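Please read this briefing alongside the sequence and the three-dimensional view. It starts from one element and widens to the chains as a whole.

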Amino acid sequence: MTALNLMRTALRGVMANRLRAALTTLGIVIGVASVIATLALGNGARAAVEATFRSLGANEIQITERKSFERGELSSVGKQLTYEDGLHLAVEIEAVDRVDMTVQGNARLRFGRNAVDMSFTGSTADLLRSQMASGEVQLKGWPENQPLEPEDFLHEGRFFTPAEVMEGADVCVLGYDTAMDLFEGDSALDETVWVNRHRCVVIGVIAELEATDAQQRYRRDYNDTFFLPISTAITHLIDEEPSVNIQVYVKDTNRIAETKAAIADLLRQRHAIEINEEGNYKDDFDMTTRSDVLGAHEEAARTFALLLSAMATVSLAVGGIGIMNVMLVSVTERTREIGIRLAVGAQQADIVWQFMLEAVLISVGGGLLGIVVGIFTIPIAAQLNQGMALLAPDSIPLSLVVALLVGIVFGIYPALRAARLNPIEALRYE
Amino acid sequence: MNGRPSRPPVQPAGFVPEAGAPLIQAVGLKREYLLGRTRVQALQGVDLTIHAGEFVALMGASGSGKSTLMHLLGCLDEPSAGQYLLEGRDTSKLPPRERAELRSTRLGFVFQNFFLLPDLNAIDNVALPLLYQRGFKSDSIVLRQRAIEALAQVGLAQRAGHRPMELSGGERQRVAIARALITRPALLLADEPTGNLDSATGLELMSMLTELWVSGLTVLLVTHDQNVASFAPRVVYMKDGRIVHEETRQSTRILSNGNVVRAETPPKGCAHDSA
């Protein structure tokens, strides 16, 4: 029998019992739809994680203060990370290229009669360079793929120098919106502003920025803020010793592990960290590198994939068993038809192909319907998962292949059973 | 090359056997099967030769083994012992694949219950055997053409688009005959073809089979009805799985102007000669 006639015959067999075939596909529809939706959730989560940690460079070690929940509050487990810690890291560890430090706070900024309350960042001199390298922010309206220099981030003036950071100079750099609010479109350069009760000279204004990732734009405003040397911020604007965020940049990415060990040694020494009963250090800081994040993410992704595979396997197996059941019923019901076909010259292989193709048509039909249902479920899944669901393009061919395999695997037994019927007994079947 | 005798090839569909040559040779055919724990000897050594162009009726009471013999001769079953040669080819131990090939090229079946596929119309039912014929390039236009020709042969071309449920019993049986004829078989096996028809329709059908025989087709008719058997010039009687008697007549019955009349038996193979 030619492939075309075989397809026609199988299609006719399926269409003879449309409702039954449609109901049989339900298991496959649900299985495939859940695979599509769950892969979309995984894909969305992966994209979100990548967007969040995009800023973490390959040669960067992020050091943060370790905190724990006690009596419902997040509190330090030991000493805070200090500005001095960061300075020591830069000086004492040979593999370190540079150290960026930041502190955050809130202050009132005043110029003439205009005053605004806002958050500020006390930072070291390379903040602009780090932000540019991270790709986390971009200039608003900047053409895509056009290279940027740190100076491009400045609307006017300059950022503070390492020397100004070291000496705690009374200078500041304003965010774009801050400058607009205070100076109403006039140049802010060299003007003196009041930060709380401290005077600072404006040496620069940052260009208008936005988050590179569109989904992050509404979460964070990069323009309604201002920057000071970290030393100035700690000395004049923050009452208590603040916890400093430290980013260490290593000269050579191959020396990350070695540098992490050196940082740990130095901080343990500076924070006088002791060893607990199990022989481990009771560290009060955490270090994160890109490989740590990716490793943790990959581990989570593996667990997720395992869970997904288990779920998909169960639902598809249930769907497949449904198909097998219906095909076995169909073979019994159509025993006489099989006898007639065998009597007029059908080979056993013709019967195998016919019934297996019917099973495959049902499963692939279910697969196609499942893909459509799955795609329509993605927006719902996204709403339930903070917008994190993106159609994984690979999931469509994957679903089709899986549906095809389900049809073959669960259709082969009924098809063989049909083909092995004795033509005489099949013709006599009532 | 290896000294093994080569098996005669299956004759292609439509091949016309030489008139008077043995088409079927059954030698000591036996068929036994288990019915629960009882061993039933359905055939107990049947010897039968049918020549090309013959019209043979196989008669016997229920349980005489005539249907079992027809299944063996139609390659639907294999004998427990003995030899069955179809066109000189021993088919006794053929694998299912080769028996299926013989059914699709050399044999045509007509059954008592018509055995048409209810979801297919007459034309698709008739075309069915061609779909399974190896080497037949079933171009749908050629396929339809052949099916319409076969339906025209049995006078049903105008009913080609009707499904079995929309046809009368006689029409259904004629569709079944058209299906048997479409492969241009060497032998037509008819198992109680009038069993589900009223007597008038049965007579019409027998007349049609007689005409097909006259036109050169070899026909083997299985029946328990003496009237039906009387259409065949040669009648073989079976009892308890054995051939017990055989009759050959010089005349046969045909339907003429609605009446059954006796006519001289045409000499074997006359139709082939004229063809």
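The face of α3(A) that is turned away from its buried side carries the exposed residues A:Glu84 and A:Val91. Here a residue is called buried if 20 or more other C-beta atoms lie within 10 Å of its own, exposed if 12 or fewer, and partly exposed in between, with C-beta atoms placed from the backbone. Helices (H or I, at least four residues) and strands (E, at least two) are DSSP runs, numbered from the N terminus. This is a predicted model, in which local features need pLDDT of at least 70 and side-chain atom pairs count only at pLDDT 80 or more, while totals for chains, interfaces and linings use all residues. Residues are numbered from 1 along each chain as its sequence is written, and chains are lettered from A and ligands numbered from 1 in the order in which they are written.

- The buried residues of α3(A) are A:Tyr83, A:Asp85, A:Gly86 and A:Leu89. Seen down the axis of α3(A), these residues fall within an arc of 160°, so they line one face of the helix; the arc is that of the directions from the helix axis to the C-beta atoms.
- The cover over the buried residues of α3(A) includes β4, α7 (230–237), β13 and α8 of chain A.
- Helix α8 of chain A, residues 256–270, has 15 residues and reaches 21 Å from its first C-alpha to its last, close to the 21 Å expected at 1.5 Å a residue; the expected span is 1.5 Å times one less than the number of residues.
- In α8(A) the buried residues are A:Ile256, A:Thr259, A:Ile263 and A:Leu267. They cover an arc of only 65° around the axis, which puts them on the same side of α8(A).
- An α-helix has 3.6 residues a turn, so residues three or four places apart point the same way.
- On the other side of α8(A), the residues A:Ala257, A:Ala261 and A:Gln269 are exposed.
- The buried residues of α8(A) pack against β1 (60–65), α3 (83–92), β4 (96–111), β13 (245–250) and β14 (285–288) of chain A.
- Just after α8(A), A:Ala272 takes a positive phi of about 50°.

**Where the two chains meet**

- In chain A, 18 residues are in contact with 19 residues of chain B, two residues being in contact if their C-beta atoms, placed from the backbone, lie within 7 Å.
- On the side of chain A that touches chain B, α1 (3–15), α10 (335–343), α11 (348–384) and α13 (423–428) of chain A each supply at least two residues, and α10(A) gives the most, with 4 residues.

**Nonpolar cores**

- The largest nonpolar core has 125 residues, and those that touch the most other members are B:Leu58, B:Val126, B:Ala178, B:Val219, B:Leu220 and B:Leu221. The largest share of this core, 12 residues, comes from α11(A).
- A nonpolar core is a set of buried Ala, Val, Leu, Ile, Met, Phe, Trp, Tyr and Cys residues joined through C-beta atoms within 7 Å.
- A second, separate core of 50 residues includes A:Met132, A:Val165, A:Val171 and A:Val202.

- An open sheet of 4 strands in chain B has the order β2-β1-β4-β5, with antiparallel pairing; two strands pair if DSSP finds at least two bridges between them.
- β2 (38–51) and β5 (89–90) of chain B stand at the edges, each with a single partner strand, so one side of each is left without a neighbour in the sheet.
- B:Arg106, found in the loop between α2 (96–105) and β6 (107–110) of chain B, is buried, with 26 other C-beta atoms within 10 Å.
- B:Phe115 has a phi near 55°, a positive value in a residue other than glycine, and is buried, with 21 other C-beta atoms within 10 Å.
- B:Glu192, in the loop between β7 (187–191) and α6 (199–214) of chain B, has a positive phi of about 45° although it is not a glycine.

**The chains as a whole**

- Chain A has 13 helices and 14 strands, and 36% of its 430 residues count as buried.
- Chain B has 8 helices and 12 strands, and 45% of its 275 residues count as buried.
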